[in-house]
Amino acid sequence: MATTTYAGRPVTLDDEGFFTDPGQWSEDMIPELAASAGLDRLTDRHREVIAFVRARYTAQGAAPAVRALSKSSGVPVKELYQLFPKGPAKTAARIAGVPKPRGCI
Amino acid sequence: MGGTLDKVSIIVSKGSLEGIYPPLILAGGARAEGIEADLFFTFFGLDAVTRRRIGRIRPATVGNPGLHLPTLVGALPGMPRLLARSLARRMERLDIPPIPEFVEMTADAGAGLYGCQASCDLFGLTMADLVPQVKGIITVGDFYGLAAGGQIIYT
């Protein structure tokens, strides 16, 4: 566990960099979170996926793994990996301030 | 967690359903973690990427102790297909795709798919017989070149 600051507010992260309390997250943290996840350019399409993961977490209490994310958001798997080369489900969950997706697929 | 894994190369050598799902799950899971992944399809594992076989992958219902079925029951005509169907229903509920979609998804996720040269020669297969996601038919030497610097998993 580590405490760091995004958008001027302190947040608690687990060992892998995911929010331990999604309530500490706010939208204005997205650019800094994206930069810390290694994304140098954040497009509207990135934001769409991040918003989708956040909404899914809020509705269902868990972030989707890659296949579910692609199926439910309508963003093809290929594009998801172009947007988030280091793993779309994981990276989007980190930026959306929600716990790591647990699925294998 | 200590250390990081940057690359895995997974050898798929079996053509049964239970021989093909695990390597696909391992490769897709690797990509989801940002780990580079390649799949090398050899011997009957080639069925997973052969156009006329990919839609008909069945579990081994004879000689498979994991099924807890008497051998004679497993040998009844239609058993492999019946069991494949019942597994497919359960898998769909768990968000595990059928093999053709899984192969496509794994390639879309950026995993490299390769056929084994010696096995393709043995079965008389060319690139035209394989699904379009396969990047090439390569020798074992080429495979080791691809795998260099990473871990190799044999399934």
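This is a predicted model: local features need pLDDT of at least 70, side-chain atom pairs count only at pLDDT 80 or more; totals for chains, interfaces and linings use all residues.

Q: What order do the strands of the chain B sheet come in?
A: The order is β4-β3-β2-β1-β5, 5 strands in an open sheet. The pairing is parallel.

Q: Which are the edge strands?
A: β4 (136-138) and β5 (151-154) of chain B. Each pairs on one side only.

Q: And the twist from one strand to the next? What's the average?
A: It averages 30°.

Q: Which helix packs on the sheet, and which strands are touched?
A: Helix α1(B), residues 17-32. It touches β1, β2 and β5 of chain B. The direction of α1(B) makes about 160° with that of β2(B).

Q: Back to β1(B) and β5(B). How many bridges?
A: 4 bridges, in the parallel sense. β1(B) covers residues 7-12. One pair to look at: Val8(B) has Gln151(B) in β5(B) as its bridge partner.

Q: New topic: Thr42(B). Where is it?
A: In the loop between β2 and α2 (71-74) of chain B.

Q: Buried or exposed?
A: Thr42(B) is buried, because its relative accessibility is 14% and the cut-off for buried is under 20%.

Q: What does the side chain of Thr42(B) make a polar contact with?
A: The side chain of Ser119(B), at 3.1 Å.

Q: Which residues is Thr42(B) in contact with, leaving aside neighbours within four places in sequence?
A: Ile11(B), Val12(B), Ser13(B), Cys116(B) and, again, Ser119(B).

Technical notes:
Residues are numbered from 1 along each chain as its sequence is written. Chains are lettered from A and ligands numbered from 1 in the order in which they are written. Side-chain values use heavy atoms; hydrogens and water are left out. Two strands pair if DSSP finds at least two bridges between them. Helices (H or I, at least four residues) and strands (E, at least two) are DSSP runs, numbered from the N terminus. Axes are lines fitted to C-alpha atoms, for helices over the stretch in contact, and angles run from 0 to 180 degrees between N-to-C directions. Contact means heavy atoms within 4.5 Å. Buried means under 20% relative accessible area, exposed over 50%, partly exposed in between (1.4 Å probe, protein chains only). A polar contact is a pair of N or O atoms within 3.5 Å; within protein, one must be able to donate a hydrogen and the other to accept it, and residues adjacent in sequence count only if both atoms are side-chain atoms.
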